[in-house]
Amino acid sequence: PQDGLTTTSYQWWFVGVYCNVPDLYKKAMEDENGQYAGVARIIRAYGMMLMTDLYGEMPYFAVEQESALPEYNTGREIFMQCIADIDEGISLLEGAQTLDPTKPALAEGDFWNNGDVNKWIKLGYLLKARWLNKLTKKAAGSYKDGKYDADEILRCLDKAMQSNADNTIIRHTDDNGPTRDTLWGGPVY
């Protein structure tokens, strides 16, 4: 790491990203924009599962509360909610859209998939398959019961990316143009 760079992945996620996700979801639901709401759910699941992989138990349900001592949730609770978030995100993205032409289209704010809803759906299915596969040491059965669900994993993989053309590319402001990400201060440059 660079001298003076003390930012952790926890800070990057909660301060740099997650602080916007609940507002994005809430506003999208108010505007009946399933595309933005679906993307918000998939991003939430993606980040929270990564944080759980790194840190284990952490606040999940209380993360949006104004508390210096939020209640921690177990890895199982977070895992199951992340899967539910992915399912909701996919459902919202697959749903019929009645977009208000005065509201921004997904393509206007989406710098991962350029507004391609199908790529977001495929990413959701890939993430779900990846995380369900973590249950390999469990007995066979339904993932809803905490078991290894090979059939569900294969079903998700059938609906996930099938070629490089389906890939999500995460573009960052500090990589693609003259703007600089404010979280990357002096030591990085």
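User: In what order do the elements of the chain run from the N terminus on?

Analyst: From the N terminus on, the elements run α-α-α-α-α-α-α, and the chain has seven helices and zero strands; helices (H or I, at least four residues) and strands (E, at least two) are DSSP runs, numbered from the N terminus. This is a predicted model, in which local features need pLDDT of at least 70 and side-chain atom pairs count only at pLDDT 80 or more, while totals for chains, interfaces and linings use all residues. Residues are numbered from 1 along each chain as its sequence is written, and side-chain values use heavy atoms, with hydrogens and water left out.

User: How do you know how helix 3 and helix 4 are directed relative to each other?

Analyst: Helix 3 (residues 34–55) and helix 4 (residues 75–94) pack at an angle of about 160°, with their axes 8 Å apart. The axes are lines fitted to C-alpha atoms, for helices over the stretch in contact, and the angles run from 0 to 180 degrees between N-to-C directions. Angles under 35 degrees count as roughly parallel, over 145 as roughly antiparallel, 65 to 115 as roughly perpendicular and the rest as oblique. Helix 3 and helix 4 are therefore roughly antiparallel to each other. Their crossing is left-handed, a term for a near helix turned anticlockwise from the far one by less than a right angle, with clockwise being right-handed.

User: What makes up the contact of helix 3 with helix 4, by class?

Analyst: Among the residues of helix 3 that meet helix 4 are A37, R41, I42, A45, M48 and M49, and among their partners in helix 4 are I78, F79, C82, I86, E88 and L92, where contact means heavy atoms within 4.5 Å. By class, this contact of helix 3 with helix 4 has 13 nonpolar, six polar and four charged residues; Ala, Val, Leu, Ile, Met, Phe, Trp, Tyr, Cys and Pro count as nonpolar, Asp, Glu, Lys and Arg as charged, and the others, Gly among them, as polar.

User: Why is Y25 called buried, and which residues is Y25 in contact with beyond its neighbours within four places in sequence?

Analyst: Y25 is found in helix 2 (residues 21–30), and its relative accessible area is 15%, so Y25 is buried, given that buried means under 20% relative accessible area, exposed over 50% and partly exposed in between (1.4 Å probe, protein chains only). Leaving aside neighbours within four places in sequence, Y25 is in contact with A37, A40, R41, E88 and L92. The C-alpha atoms of Y25 and A37 are separated by 4.7 Å, although the two residues are twelve residues apart along the chain.

User: What makes helix 2 and helix 3 roughly antiparallel to each other?

Analyst: The axes of helix 2 and helix 3 come within 8 Å and cross at roughly 155°, and helix 2 and helix 3 are therefore roughly antiparallel to each other. The crossing of helix 2 and helix 3 is left-handed, and by class their contact has nine nonpolar, no polar and two charged residues.

User: Which phi value does E32 have, and is E32 buried or exposed?

Analyst: E32, in the loop between helix 2 and helix 3, has a positive phi of about 55° although it is not a glycine. Most residues other than glycine have a negative phi. With a relative accessible area of 57%, E32 is exposed. N114, in the loop between helix 5 (106–109) and helix 6, likewise has a positive phi, near 50°, and is a residue other than glycine.

User: How do you know how helix 6 and helix 7 lie relative to each other?

Analyst: Helix 6 (residues 117–132) and helix 7 (residues 150–159) pack at an angle of about 155°, with their axes 8 Å apart; helix 6 and helix 7 are therefore roughly antiparallel to each other. Helix 6 passes helix 7 in a left-handed crossing, and by class the contact of helix 6 with helix 7 has seven nonpolar, no polar and five charged residues.

User: What makes K128 count as buried, and which side chain does the side chain of K128 make a polar contact with?

Analyst: K128 lies in helix 6, and at 2% relative accessibility K128 counts as buried. Its side chain makes a polar contact with the side chain of D87 at 2.8 Å, the term meaning a pair of N or O atoms within 3.5 Å, of which, within protein, one must be able to donate a hydrogen and the other to accept it, while residues adjacent in sequence count only if both atoms are side-chain atoms.

User: Why is K134 called partly exposed?

Analyst: K134 is found in the loop between helix 6 and helix 7, and its relative accessible area is 38%, so K134 is partly exposed.
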